[in-house]
Amino acid sequence: MKCRVCGQAACISLKSYNTALCREDFVAFLEKRVLTTIQKYHLINETDRPIVAVSGGKDSLSLWYIMNKLGYPADGIYIDLGIEDYSSPSLTKIRNVADVLKRKVYVFPFREVFKKGIEELARTIRRPPCSACGTIKRYIMNRVCMDKGYNTLVTGHNLDDEAGALFGNILYWKDEYLWKKNLLLEGTEGHLSKKVKPLFLCSEREMAAYAILNNIDYIYEECPFSKNAKSLTYKSMLNKLEEASPGTKLQFIKGYLKQVKETERKESDFCTFCGYPTYGDMCNFCRMLERFHIDKTISFEEYDARDLDTQPEVMT
Ligand code: SF4
Ligand SMILES: [Zn+2]
Ligand SMILES: [Zn+2]
């Protein structure tokens, strides 16, 4: 198998593009794909201050690395859910990448703030862990943007994530969610940050290969609560289709991008305590804090790799 660009030995075959590439040309191909997505869909403008939501996994860490390499300097934000054998190794890997990039990471210590883990909290408020976690993560990430002067939250959702979610939403005709799957969600000044997904057209396999080829040490394990997620079923069904007909996922998502039209956000009020968009007077997050008698002033741990003496390796 030879690289289509240089004719040297290829290290990866990309069936959906009917091609194979060597290490160097694959890295260049993937970075160009991210750059083209950012530019074509106007995800990040020159005046924006982006911040990447990092989990310790291959997608978000590679995205963070690529953005800084492509000239979009970005800090990171991590929600430390305090999950045994998962959260702390994830944070170590995030800090390692922060050291390489010489960037800052804001860490929200979930267990310290709520005095309980996500599972116990979800039980108390009678919601599934992922539903409670989703509300908290969306809120905290937005809050970091608002409090610390970032205006663009960048997430590592990849092609497989988006195709799986879209498939599920279409299957049950959840049309109220369909517009949320776009790769750019505009914000509301002073209340809500813009959200963008530069990996929208990059597959899970490509991202894993990119991380490995660039020695980005990421956490292989998934969050233990993701095991029963329906999205995994959708992803595996799409993988079967992809195997039978390479390029299916890419066509599915590209077709969607041609069809989708941004709809208006439905929440029209803002929380009287924190300003977050909501229905009614108080947002779900502030409600949760009140219920647990937690102060509404949220503080983050700040890990700043720029304080270290070393130079950023990726930029040299
Ligand atoms: S799998 Fe569920 S609990 Fe785990 S990080 Fe994702 S949303 Fe949160
Ligand atoms: Zn090559
Ligand atoms: Zn609020």
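Begin by selecting valine 154, which touches Pro50, Ile51, Val52, Ala53, Leu63, Met67, Ala74, Val196 and Pro198, leaving aside residues up to four places away in sequence; contact here is C-beta atoms, placed from the backbone, within 7 Å. This is a predicted model, in which local features need pLDDT of at least 70 and side-chain atom pairs count only at pLDDT 80 or more, while totals for chains, interfaces and linings use all residues. Residues are numbered from 1 along each chain as its sequence is written, with chains lettered from A and ligands numbered from 1 in the order in which they are written.

Next, colour the largest nonpolar core, of 70 residues, where Val154 is among those with the most contacts, together with Ile51, Val52, Trp64 and Ile77. Such a core joins buried Ala, Val, Leu, Ile, Met, Phe, Trp, Tyr and Cys residues through C-beta atoms within 7 Å, buried meaning 20 or more other C-beta atoms within 10 Å. Helix 6 (residues 129–148) gives the largest share of this core, eight residues.

Now show the open, mixed sheet, whose seven strands follow the order 7-8-6-3-4-5-11; strands are DSSP E runs of at least two residues, helices H or I runs of at least four, and strands pair if DSSP finds at least two bridges. Strand 6 (residues 152–154) runs parallel to strand 8 (residues 194–196), joined by three bridges, and threonine 152 stands opposite lysine 194.

Finally, select helix 2 (residues 58–69), where 11 of 12 residues are buried, among them Leu63, Trp64 and Met67. Its cover includes helix 1 (23–40), strand 3, strand 4, helix 3, strand 6 and helix 9 (204–213).

Methods. Two residues are in contact if their C-beta atoms, placed from the backbone, lie within 7 Å. The expected span of a helix is 1.5 Å times one less than its number of residues.
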